[in-house]
Amino acid sequence: NDALALFHCHLCAEKVLKAIYIHEKDAAAPKTHDLSTLVAELSDATMKGRFEEFKRMSTFSVAARYDDLPLLEEELEQGRMEHWIAFCDSLLHHAQDHTS
């Protein structure tokens, strides 16, 4: 199901941001699922530059989990799905480079 794919994209982004947080602060990451809150805590300019995408992606967590498809309608279009998957791939590569 495509909504579930968006949920997993959110999880990926959340884990990447928390890994960068832990690396930067040498402390436990905040217990939140709100990606914009996590980004605000980072000094990583690349992540901060993608703030609006993280803010949009934060809506995926609850909407996808509870099948609020009207909220996700635009994001479930093929081109948007490809965007979010590529976005997550770029996050993983950035985190690997940033924390190595």
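Author: The answers below set values against their definitions. This is a predicted model, in which local features need pLDDT of at least 70 and side-chain atom pairs count only at pLDDT 80 or more, while totals for chains, interfaces and linings use all residues. Residues are numbered from 1 along each chain as its sequence is written, and side-chain values use heavy atoms, with hydrogens and water left out.

Reader: Why is D26 called exposed?

Author: Exposed means over 50% relative accessible area, buried under 20%, and partly exposed in between (1.4 Å probe, protein chains only). D26 has a relative accessible area of 73%, so D26 is exposed. Its place is in the loop between α1 and α2, and D26 has a positive phi of about 50° although it is not a glycine.

Reader: What makes D67 partly exposed?

Author: The relative accessible area of D67 is 47%, so D67 counts as partly exposed. D67 is found in the loop between α5 and α6 (69–72). D67, not a glycine, has a positive phi of about 50°.

Reader: What is meant by the largest nonpolar core?

Author: A nonpolar core is a set of buried Ala, Val, Leu, Ile, Met, Phe, Trp, Tyr and Cys residues joined through side-chain atoms within 4.5 Å. The largest one has 28 residues, and L17, F54 and M57 have the most contacts inside it. Elements giving two or more residues to this core include α1 (2–25) and α7 (78–99); α1 gives the most, with 10 residues. Helices here are DSSP runs (H or I, at least four residues), numbered from the N terminus.

Reader: Which residues is L17 in contact with, leaving aside its neighbours within four places in sequence?

Author: Contact means heavy atoms within 4.5 Å. With those neighbours left aside, L17 is in contact with L35, L38, V39, L42, M47 and F54.
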